[in-house]
Amino acid sequence: IFNIVCFHLLQPLSIQLYHIQYKYAIHIVSLFCIIYLQRQIDLLILLVLRIFMKKDERFKNLTLAEKARLVQGTDFMYTCPVERLGIPPVAMADGPHGLRKQIGGGDNGVSSSEPATAFPTAAAVACSWDPENAHRMGAAIGEECRCYGVHTLLGPGINIKRNPLCGRNFEYYSEDPFVTGTTATAVILGVQSRNVGVMIKHFALNNRETNRKNCDSVCSEKAIREIYLKGFEMAVKNANPWSVMSSYNKINGVYSSENRELLTDILRTEWGFEGFVSTDWENLAAKGLEIQAGNDISMPVGDEASLVAAYSLGLVQKQDLYTAAERILRTVLKSTAMEHLVNPPCEIIPADGSALRIKAVDWVSKADRKRGLRRHRRRLQPQIHRNQRLPHLSGGGKRGWDLFLLLSAGFAQWAGCL
């Protein structure tokens, strides 16, 4: 378009220049005119955008109490709404290997859950060596989240399997940081492709369950960087998760949720993380110190009055509180929470087991045939036969849930997927 316009505008001048034997003048003049016109049009577009696309005014209109409320959880699994400005709550639900949305109020796994698909655990997904299928699984989980009105999935777990006695090793991918980061990236991209956020956890060095709220992970910086943070770094840089969950434990004497070096210097400044950071549920750290460190929201509930008092006494800086509230609000505005104000969640539809089962089943079967292990099948089958008949679906933060469909390498035959 620019070339056509310039040609018609400059044609008389070009003819005159040509007659005085400046053969290339038309090209030079046209080039400069095109550059000039493009710059003027860009400036005009920016002016129009500033006039007609005003910035969301809701954050500016928040009171101090409302900003303090935004950085506190409520009803165990929700952020606080601000009804005055039409800001809805963000609904969270447990992951990581499927959706566990509890019926009624959240109570940390005591009550029953809505029917959902039991996908393979993180350990099984990592053993498939198949990021593409992990992405498809994440997308299916994200679709179930949308149907149940869940806006943020609490997972995946990216901690390293340091000790086989850790009670939640099944929720973590691997003892290898690269396998962990690669698999987690695929799952995160799958979930968030459905405009459902994830909350990667537990950041960081949370590699045990015994006394997990009081323990201190003492570790060298080299080991922290190369082993325990590498999977998180890969996930943040490659998948841009919406949120991060800080862990219960201390790291070299400082609670992770109070650790500014971890949550601000490393996570945000070095890695470029743009989302919000949440505490783990019912942790023991000081709320004022968490805000200063870069931990934006306290879950499952907070104490708005004490936070306002700490702000009034200067224990919490104004900019830190405002920044935390703005991060929460940004996530609310881009989440499906805003969509559900207009369109209610849909009816849940179970995932297609034949299409989404983890390919480790096929991989193991091929390996058996190639290595001549088929003749040992009778000897090996009893080791998994009990779990095929009586699947065991409990453990850790992802306890039990009612099933639509069971998808797992060990359970595929029982579920009729093979």
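**Close-up 1. Helix α6 packs against helix α7.** In this predicted model, α6 (residues 131-147) and α7 (residues 177-192) pack at an angle of about 35°. Their axes lie 6 Å apart. The crossing of α6 past α7 is right-handed. From α6, the contact takes Pro-131, Ala-134, His-135, Met-137, Gly-138, Ala-139 and Gly-142. From α7, it takes Thr-182, Thr-183, Ala-186, Val-187, Leu-189, Gly-190 and Val-191. Sorted by class, this contact of α6 with α7 holds 8 nonpolar and 6 polar residues, with no charged residues.

**Close-up 2. Helix α7 also meets helix α9.** The axes of α7 and α9 come within 8 Å of each other. They cross at roughly 35°. Here too the crossing is described by its hand: α7 passes α9 in a right-handed crossing. On the α7 side, the contact residues are Pro-177, Phe-178, Thr-180, Gly-181, Thr-182, Thr-185, Ile-188, Leu-189 and Gln-192. On the α9 side, they are Lys-230, Gly-231, Met-234, Ala-235, Asn-238 and Ala-239. The contact of α7 with α9 divides into 7 nonpolar, 7 polar and 1 charged. Thr-182 and Leu-189 of α7 are listed in the contact with α9 and also in the contact with α6.

**Close-up 3. The largest nonpolar core has 48 residues.** Those with the most contacts inside this core are Leu-99, Ile-200, Phe-203, Leu-229, Leu-267 and Trp-271. Elements giving two or more residues are α5 (122-127), α6, α7, β6 (197-203), α8 (221-228), α9 (230-239) and α10 (260-270). Helix α7 supplies the largest share, 6 residues. A second, separate core has 31 residues, including Leu-62, Leu-85, Met-92 and Leu-154. In soluble globular proteins, nonpolar side chains tend to be buried together.

**Close-up 4. Phe-203 and its contacts.** Neighbours up to four places away in sequence are not counted here. Phe-203 touches Leu-229, Phe-232, Val-244, Met-245, Leu-262, Leu-263, Leu-267 and Trp-271, among others. Its partners also include Ser-246, Ser-247 and Ser-256. Leu-229, Leu-267 and Trp-271 are named with Phe-203 among the residues with the most contacts inside the largest core.

**Close-up 5. Val-236 in helix α9.** Val-236 has 6% relative accessibility, so it counts as buried. Setting aside residues up to four places away in sequence, Val-236 touches Ile-200, Pro-241, Leu-267, Trp-271 and Phe-273. The C-alpha atoms of Val-236 and Gly-181 are separated by 9.2 Å. Along the chain, these two residues are 55 residues apart. Gly-181 belongs to the α7 side of the contact with α9.

**Close-up 6. Arg-327 in helix α13 (residues 318-334).** Arg-327 counts as buried because its relative accessibility is 17%, where the cut-off is under 20%. Apart from neighbours within four places in sequence, Arg-327 is in contact with Arg-268, Gly-275, Phe-276, Gly-294 and Asp-296.

**Close-up 7. An open sheet of 3 strands.** The strand order is β7-β9-β10, and the pairing is mixed. The edge strands are β7 (216-217) and β10 (254-255), each pairing on one side only. Strand β9 (residues 250-251) runs antiparallel to β10, and 2 bridges join them. Lys-250 stands opposite Tyr-255 in β10. Strands of a sheet pair through backbone hydrogen bonds, either parallel or antiparallel.

Notes:
Residues are numbered from 1 along each chain as its sequence is written. This is a predicted model: local features need pLDDT of at least 70, side-chain atom pairs count only at pLDDT 80 or more; totals for chains, interfaces and linings use all residues. Side-chain values use heavy atoms; hydrogens and water are left out. Axes are lines fitted to C-alpha atoms, for helices over the stretch in contact, and angles run from 0 to 180 degrees between N-to-C directions. Helices (H or I, at least four residues) and strands (E, at least two) are DSSP runs, numbered from the N terminus. A crossing is left-handed if the near helix is turned anticlockwise from the far one by less than a right angle, and right-handed if clockwise. Contact means heavy atoms within 4.5 Å. Ala, Val, Leu, Ile, Met, Phe, Trp, Tyr, Cys and Pro count as nonpolar, Asp, Glu, Lys and Arg as charged, and the others, Gly among them, as polar. A nonpolar core is a set of buried Ala, Val, Leu, Ile, Met, Phe, Trp, Tyr and Cys residues joined through side-chain atoms within 4.5 Å. Buried means under 20% relative accessible area, exposed over 50%, partly exposed in between (1.4 Å probe, protein chains only). Two strands pair if DSSP finds at least two bridges between them.
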